[in-house]
Amino acid sequence: MRLVKLLLRQSFGLVVLSVLCGLLSGAAFAALVALLNEALASDEGRLGDLGVKFVAVAALALVTRVASQVLLTWVRHRALLEMRHHLASRILAAPLRSLEEQGPHLVLGALMEGVVTAGTGLSILPFFFTNVIVILASLSYLAWLSLGALGVMLACIVVGLVTYWIPTIHAMRLLEQGRNVQDTVFKQFQSLVSGIKELKLHRRRRGAFLDEHLVPTIEKMQRLGVKSQNFFTGSSAWGLLFFFVFLGVLVFVYQRWVPLDRATLTGYALATLYIQQPLGAIMDMIPVIGQGEVAVQKIEKLGLSLSTERNLAPRAEPPEAPRAFEVIELSKVTHTYHRENEEGGFTLGPIDLTLRRGELVFVVGGNGSGKTTLAKLITGLYTPEGGEIQLDGRPVSDADREDYRELFSAIFSDFHVFDVLLGLSPAQRETRVKHYLARLLLDKKVAVVGGALSTTALSQGQRKRLALLATYLEDRPIYLFDEWAADQDPQFKDVFYRELLPELRSQGKTVVAITHDDRYFDLADRVVKLEDGRLAADATLRAGSTPKAAAGAPVLPPMDQP
Ligand SMILES: Nc1ncnc2c1ncn2[C@@H]1O[C@H](COP(=O)(O)OP(=O)(O)OP(=O)(O)O)[C@@H](O)[C@H]1O
């Protein structure tokens, strides 16, 4: 069981301690039953003695039960904290492509709902074991009272367990189906939030979204939830009833052949009824543990283990200054988006491309020609499926891909602006931020207070300028912009192409800009053109830049031609 392994790996010491406390508490409660039974059968002279013992054992039962519960609460909260931390680390360490394939709804679902469900299942596991031990202790007491009667009880338990497990297994399957439907619900909630404008503007679309998509899925999830819970409830009631069946068999049938004395019978009745409480708890816990198990399985299916190895912590001392470089060479690099329907797939490459220090390279091409995919390969966000990337003559391996990515500052079209300037020293922030805010015409809109941006609630074009500010502060050797100027007004577009990009180049930076703005193409050192995932042209436009022409690729047409 994955949940048990996870629990033992995560908080072994605490679990052992809480099981011990639970065990002591269970033994103390069982001893209370035995003491009561003894008191009922003994004469008045022993009652005082037994009373003192009763109070002492009751105090022990109370203290150990509270201790076990407190430890369980601690285990639960620690489990949640560690799982969230490690899952976030795993997400950061997972290949971008595999996260894209899963979709954000599954990743978010795992972080929010999955972790809570797994954590709840995890935290009650020690309690589950404690109750199992209490039941075993009670059974030992019953064995001491009468072995023959215990044999009858065990036979009843075997029948009870078999008849209990058949519906329980079915209920677990329903739970799993319910979790799968829940993923679809998450996806639809995501569409609800991201598509709120489109839904608000169109009554029929809104109605269809709600009535034909969201509500049927929620109803399906609800049906599966109710059905599985009903199976659990039914099998749990059956499991509990079985102890009465046993008592009935003992009193009305077994006794006829093997007569038992009154003390043994009372002991059996008391202990059997006492067992109902831990047994009831176990029955209630099984669905919760089942849900936890399903959640862990789902998270692991995402390729994101919940195990809490500590090897994912970020390096304590990341290199302060990014490395310099002279040349990056892509040779025969390919990437394919695999689809279930193979005909719909897309392959970029094989691409041969060289980027040198201090070059301003424009990447152009029609929609869907593969520019963004190429950018993700160049920056190391995607690992090439075929071919290799060389940095200053050395192939970039999996081991140094992380360091390789540190060479780049990039703004993709689905960029994100963090409201805190992360990963920059106060000196880097304070001395340069004001300058760049003014340069990007944002100083009247945004200020930096204690390392945080005063606002990110800006227009799309302004938010892109903020993203540019962050890349300036990073001061990396290579800048990659994916249609950065698309949302800028004509004046600032001009500033971007005619001032900012040449300035970066004059500082020795390499700039790769994906663009459709053909009026500025002549400003680039080189223009690289993609068509259907292939390099169609790699043209040098300015002296001093010496790229290799792509094998067999035609030179770009003059810039005034479409
Ligand atoms: N996450 C993805 N999963 C599957 N296929 C994808 C994915 N991203 C892109 N594609 C496919 O890869 C092809 C190239 O996409 P890419 O985004 O690289 O093109 P692009 O040249 O940047 O386009 P645009 O100019 O529209 O931004 C597209 O035809 C698209 O169908």
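1. With 15 C-beta neighbours inside 10 Å, D475 counts as partly exposed. The cut-offs here: buried is 20 or more other C-beta atoms within 10 Å of the residue's own, exposed is 12 or fewer, and partly exposed is in between, with C-beta atoms placed from the backbone. D475 lies in the loop between α12 (460–474) and β9 (478–482). Its phi is positive, about 55°, although D475 is not a glycine. Most residues other than glycine have a negative phi. Worth a look on your side, then.

2. Some housekeeping before going on. This is a predicted model, in which local features need pLDDT of at least 70 and side-chain atom pairs count only at pLDDT 80 or more, while totals for chains, interfaces and linings use all residues. Residues are numbered from 1 along each chain as its sequence is written.

3. K332 is another non-glycine residue with a positive phi, about 50° this time. K332 sits in strand β1 (residues 327–337). It counts as exposed because it has 12 C-beta neighbours inside 10 Å.

4. Now the overall picture. The protein has 13 helices and 12 strands; these are DSSP runs numbered from the N terminus, H or I of at least four residues for helices and E of at least two for strands. Of the 562 residues, 31% are buried. Among contacts with a separation of 6 or more, 78% join residues 24 or more positions apart, a contact being two C-beta atoms, placed from the backbone, within 7 Å.

5. The expected span is 1.5 Å times one less than the number of residues. There is a bend of about 40° in α7 at L250, taken as the angle between axes fitted to the seven residues ending there and the seven starting there. L250 is also one of the buried residues of α7, which include L224, F231, F232, G239 and F246. The cover over the buried residues of α7 includes α5 (147–194) and α8 (262–301).

6. α5 gets the same check. For its 48 residues, 1.5 Å a residue should give a span of 70 Å; the end C-alpha atoms are 67 Å apart, which agrees. α5 has a kink of about 25° at W165, shortly before the proline P167.

7. The UniProt record, an unreviewed entry, annotates "transmembrane region" at residues 54–75, 106–129, 141–166 and 231–254. Bear in mind that UniProt positions are given in the numbering used here, feature names are shortened, and annotations may be inferred rather than shown by experiment. In the model, residues 54–75 are 100% helix and 0% strand, with end C-alpha atoms 31 Å apart. Residues 231–254 are likewise 100% helix and 0% strand, and their end C-alpha atoms lie 32 Å apart.

8. V63 belongs to helix α2 (residues 47–93). V63 is partly exposed, with 14 other C-beta atoms within 10 Å. V63 and S25 are 38 residues apart in sequence, yet 7.8 Å apart in space, C-alpha to C-alpha.

9. What surrounds the ligand? The shell consists of E100, Y337, F346, G365, N367, G368, S369, G370, K371, T372 and T373, where near means a C-beta atom, placed from the backbone, within 6 Å. By type they split into 2 nonpolar, 7 polar and 2 charged. Here Ala, Val, Leu, Ile, Met, Phe, Trp, Tyr, Cys and Pro count as nonpolar, Asp, Glu, Lys and Arg as charged, and the others, Gly among them, as polar. Helix α9 (residues 371–378) gives the most to this shell, with 3 residues.

10. α9 itself is mostly covered, with 7 of its 8 residues buried. Those are K371, T373, L374, A375, K376, L377 and I378. The elements covering them include β1, β2 (346–356), β3 (360–365), β9, β10 (510–514) and β11 (526–531). G380 follows α9 and has a positive phi near 85°.

11. Last, T510 in strand β10. T510 counts as buried because it has 24 C-beta neighbours inside 10 Å. T510 and L355 are 155 residues apart in sequence but 7.8 Å apart in space, C-alpha to C-alpha. Leaving aside neighbours within four places in sequence, the contacts of T510 are L355, R356, R357, G358, E359, P477 and I478.
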